[in-house]
Amino acid sequence: MVIVMKPGVSQESIQALVAALERDHGVSVGVTNGVGCSILGLVGDTAHIDMDKLTMNDDVERVMRVQEPYKKANRKFHPEDTVVDVSGVPIGGRDHFTVIAGPCSVESEAQITGVARDVKAAGAALLRGGAFKPRTSPYSFQGMGADGLELLLEAKADTGLPIVSELMAPRYCQLFEEKVDLVQIGARNMQNFDLLKEAGKLSKPILLKRGLSNTYEEWIMSAEYIMASGNENVILCERGVRTFETYTRNTLDLSAIPAVRRMSHLPIVVDPSHAAGMYWMVEPLAMAAVAAGADGLMVEVHNDPPCAKCDGAQSLTPEKFRHLMGKLTPLVELMGKKLV
Ligand code: PEP
Ligand code: MN
C-alpha cells in the first residue's frame with residue numbers, strides 16, 4: 001500500500017503517522033521525501049487496513065493498494081493450479097476436463113435417475129440437480145427440498161455419479177454436509193457473506209457461481225471468504241452476467257476464463273445454459289469455453305424440456321447432450337486435456 005502525503009506536511013506529522021501504522025498494523029513503513037511531498041510505502045499484511053480511514057486523515061492526499069486484497073485465492077502466493085477432488089472426480093489442473101450435467105431441478109425419481117444414466121453414458125462425471133431453488137417469483141416451483149436430495153442420492157447409487165446441488169441457507173449446511181458431494185452457491189448468493197462463512201466450515205468442496213453483476217475481484221473475494229473460514233476447495237463457475245443485451249438471458253463472459261486463471265489458482269468451470277437461456281446456444285458457448293481454457297462445464301439436461309418445472313428452454317435433451325459431448329471431446333484433446 002502506498003500513501004501520498006499532502007504538500008507541506010511536517011516531518012513530525014509524517015513520523016506520527018508512520019509510528020501509528022507500525023504500532024497498530026504491524027507493517028513496516030518506508031518514507032520517501034520528494035520535492036514538495038512525501039510518499040509512504042507500507043510493507044507487510046495490509047489486508048486489514050481500512051483505506052477510507054486513512055483517506056480521512058487531513059495530511060493524506062491519496063491511498064493506493066499495490067497488492068490484491070485476496071491472499072489464499074491469489075495465484076501469486078500459490079503458482080500451481082489447484083485440483084479439487086469431488087468424491088474422487090478431479091476438477092482443475094492442466095490435464096483434465098470435467099463435465100457436470102443434469103436437470104435444473106430434481107422433479108421425480110424416474111426423471112433424475114433417467115437423466116443421470118443418460119448423462120453418464122454420454123461422458124458426464126458429475127450429476128447436477130437443484131433441490132432448493134432460488135426463483136425470482138415466490139409462486140414458481142421452489143424445488144423438492146430435502147426430498148430432492150434423497151432422489152439425487154438414489155440416482156447416485158444407481159449410476160455412481162457424485163452429486164452437485166445448491167445450498168441456499170446456513171440452516172441446511174448440516175444436511176448438505178451429509179448428502180451432497182459438491183455444494184453449489186448460486187449467483188444470487190455470491191455475496192451472502194454469512195452463507196459463505198458457513199460454507200467455509202464444510203468439509204465438502206464448493207462450486208461458487210459468479211454473481212449477476214459482479215467483478216472478477218468481487219467474485220474471488222467471495223472465494224476468499226470461504227477459504228478464510230477453512231475450506232480451500234473452491235471451484236469458480238462463470239454463468240454469464242447482466243449486460244444491456246436482452247436477447248440472451250445473460251452474457252457469457254469468456255474473458256473471465258483467462259483473467260481468473262491469471263488472478264487465481266482455483267479451477268474455473270463454465271455454465272453455458274444459464275448464460276444463454278436458450279438450448280440451441282449451449283453448444284457453441286460450450287465449445288468456446290473449452291477453447292478459452294475452462295476446466296469444465298456445467299450443462300442443464302432434461303428428459304422432457306417442454307415440460308420441465310424450471311429452465312426447460314435452456315435445457316438440452318439427452319440426445320442433444322450426447323451430440324455436444326461428441327463434438328467436445330476432440331476439442332478437449334486438442335487442448336491437451338482428457339475428459340474425466
Ligand atoms: C442453477 O444452477 O440452477 C442456478 C440457479 O444457477 P445461477 O445461480 O447461476 O442462476
Ligand atoms: Mn437452472
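Which backbone oxygen does the side chain of Ser165 reach, and at what distance? I will come back to that after the conventions.

This is a predicted model, where local features need pLDDT of at least 70, side-chain atom pairs count only at pLDDT 80 or more, and totals for chains, interfaces and linings use all residues. Residues are numbered from 1 along each chain as its sequence is written, chains are lettered from A and ligands numbered from 1 in the order written, and side-chain values use heavy atoms, without hydrogens and water.

Now the answer: the side chain of Ser165 reaches the backbone oxygen of Gly129, at 2.6 Å. Ser165 sits in strand β9, residues 163-166; strands are DSSP runs of E, at least two residues, and helices are runs of H or I, at least four, both numbered from the N terminus. With a relative accessible area of 1%, Ser165 is buried. Buried means under 20% relative accessible area, exposed over 50%, and partly exposed in between, using a 1.4 Å probe and protein chains only.

Next, the metal. Cys104 (SG), His274 (NE2), Glu300 (OE) and Asp311 (OD) coordinate the manganese ion, ligand 2, at 2.0 to 2.4 Å. Donors are N, O and S atoms within 2.8 Å of the metal (3.2 Å for Na, K and Ca); water is not among the atoms, so sites may look incomplete. Along the chain, the donor spacing is C-x169-H-x25-E-x10-D. His274, in helix α9 (residues 272-276), and Glu300, in strand β14 (residues 296-300), are 26 residues apart. His274 counts as buried at 8%, and Glu300 is buried at 1%.

Last, Tyr247: this residue lies in the loop between β12 (234-238) and α8 (256-263), and is exposed, at 56% relative accessible area.

Key:
Polar contact = N/O pair within 3.5 Å; in protein donor to acceptor, adjacent residues only side chain to side chain.
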